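Subject: Handover of the structure

Hello,

Here is the structure I promised to pass on. Please open it first, then read my notes below.

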Amino acid sequence: MKKFILDTDMGVDCDDAVALALLLNYKKSGACEILGVTASSTREGATATIRTICEYYREKLPIGAMALPSLSCDSINNYGKYIKDTYKECDETTEAVALIRKLLSETEGKVEIIAIGPLTNIARLLRSASDEFSSLCGLELVREKVSAMYVMGGSFVQNYVRAGMAGQAPFGEWNKFQACEGGNVRILLNKENYIGIAEKINGYIEPILES
């Protein structure tokens, strides 16, 4: 059975709420396990909204909150604070990267990570040091325990054609352009299952951390 960790910037657009609901329904059908959910945003109500949705589905899951500093996009709050205030929920204090490291270390077998927001938590995870949960650094821990990572983002030629922008220089998806650990950190995953940290240079992705 697949085991998932969901990393989401809850509180801006409805797609994150729907994605969590779909995954919870998938779990209720017996098709997967959800080990935990982390917020890739510090906006007020992000983790409270995650908890509210989980409680609606009668699920109690570990929830992690992104540590400061915030991203500039965290100032956009379309429904996080509203859900928090309406349902009288409190935001979570457990730090997201620590929770992911704990879940990866304690879970038997492989884990799959679904990241549908800015990749701040993932970048911090890959750069994390050994701790009480594992003697491995973040990159080593991910390589040992994560079998797949699904990232929301990309720039696809067919989208330009449909939008009447054929021939235009590619541009990246919104999540990839949010400030992340110095402004330009990106995650690089290729067909050979290489996982590393990359730097955006003049619009292109080049590896800066070798395997």
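Helices are DSSP runs of H or I with at least four residues, numbered from the N terminus. By that count, helix α6 covers residues 138-145, and Lys-145 belongs to it. Please note that this is a predicted model.

**Overview**

The protein has seven helices and eight strands. Of its 211 residues, 46% are buried. Take the contacts with a separation of 6 or more: 75% of them are between residues 24 or more positions apart. Nine salt bridges are present.

Leaving out residues up to four places away in sequence, Lys-145 touches Leu-104, Thr-107, Glu-108, Gly-109, Lys-110 and Val-111.

Asp-7 is the other case. Asp-7 sits in strand β1, residues 2-8. Asp-7 is buried and also lacks a salt bridge. Arg-124 is the nearest side chain of opposite charge, at 9.5 Å. What do the side chains of Asp-7 and Thr-38 form? They form a polar contact of 2.6 Å. Another polar contact, of 2.9 Å, links the side chains of Asp-7 and Asn-121. Beyond its neighbours within four places in sequence, Asp-7 has contacts that include Ala-39, Ser-40, Ile-116 and Pro-118.

**Helix α2 and its surroundings**

Is α2 enclosed or open? Nine of its eleven residues are buried, so α2 is largely enclosed by the rest of the structure. Among the buried ones are Ala-46, Thr-49, Arg-51 and Cys-54. The buried residues pack against β1, α1, β2, β3 and α3.

Two packed helices are described by the angle between their axes and the distance between the axes. For α1 (residues 14-28) and α2 (residues 46-56), the axes come within 10 Å and cross at roughly 35°. The crossing is right-handed. Ala-17, Leu-20 and Leu-24 are the α1 residues here. They meet Ile-50, Ile-53 and Cys-54 of α2.

**Helix α4**

Helix α4 spans residues 96-106. Its buried residues are Ala-96, Val-97, Leu-99, Ile-100, Arg-101, Leu-103 and Leu-104. At its start, a side-chain oxygen of Glu-95 comes to within 3.1 Å of the backbone nitrogen of Val-97.

**Backbone exceptions**

Most residues other than glycine have a negative phi, and most peptide bonds are trans. Here are some places to check.

- Arg-58 has a positive phi, near 55°, and is not a glycine. Arg-58 lies in the loop between α2 and β3. With a relative accessible area of 76%, Arg-58 is exposed.
- Lys-88 has a positive phi of about 55° and is not a glycine either. Lys-88 lies in the loop between α3 and α4. Its relative accessibility is 70%, which counts as exposed.
- The peptide bond from Leu-68 to Pro-69 is cis, with omega near 10°. Pro-69 is in the loop between β3 (63-64) and α3 (80-86).

**Salt bridges**

Side chains of opposite charge can pair when their charged atoms come close. Here are some of the pairs.

Glu-112 and Lys-2 form a salt bridge, with the closest N and O atoms 2.9 Å apart. Glu-112 is in strand β4 and Lys-2 in strand β1, so the pair ties together parts that are 110 residues apart in sequence. Glu-112 is buried, at 8% relative accessible area. Lys-2 is partly exposed, at 39%.

Lys-27 and Glu-59 meet in a salt bridge of 3.1 Å, N to O. Lys-27 is in helix α1 and Glu-59 in the loop between α2 and β3, so this pair links parts 32 residues apart in sequence. Lys-27 is partly exposed, at 23%. Glu-59 is buried, at 15%.

Asp-74 and Arg-43 form a salt bridge as well, with the closest N and O atoms 3.9 Å apart. Asp-74 is in the loop between β3 and α3, and Arg-43 in the loop between β2 and α2, so the pair ties together parts that are 31 residues apart in sequence. Asp-74 is buried, at 8% relative accessible area. Arg-43 is buried too, at 4%.

Best wishes

Key:
Residues numbered from 1 in each chain as written. Predicted model: local features only at pLDDT ≥ 70, side-chain atom pairs only at ≥ 80, totals over all residues. Heavy atoms only, no water. Helix = DSSP H or I, 4+ residues; strand = E, 2+ residues; numbered from the N terminus. Buried < 20%, exposed > 50% of the residue type's maximum accessible area, 1.4 Å probe, protein only. Lys, Arg positive; Asp, Glu negative; His and termini not counted. Salt bridge = Lys/Arg side-chain N within 4 Å of Asp/Glu carboxyl O. Polar contact = N/O pair within 3.5 Å; in protein donor to acceptor, adjacent residues only side chain to side chain. Contact = heavy atoms within 4.5 Å. Axes fitted to C-alpha atoms, helices over the stretch in contact; angles between N-to-C directions. Left-handed = near helix turned anticlockwise from the far one by under 90°.
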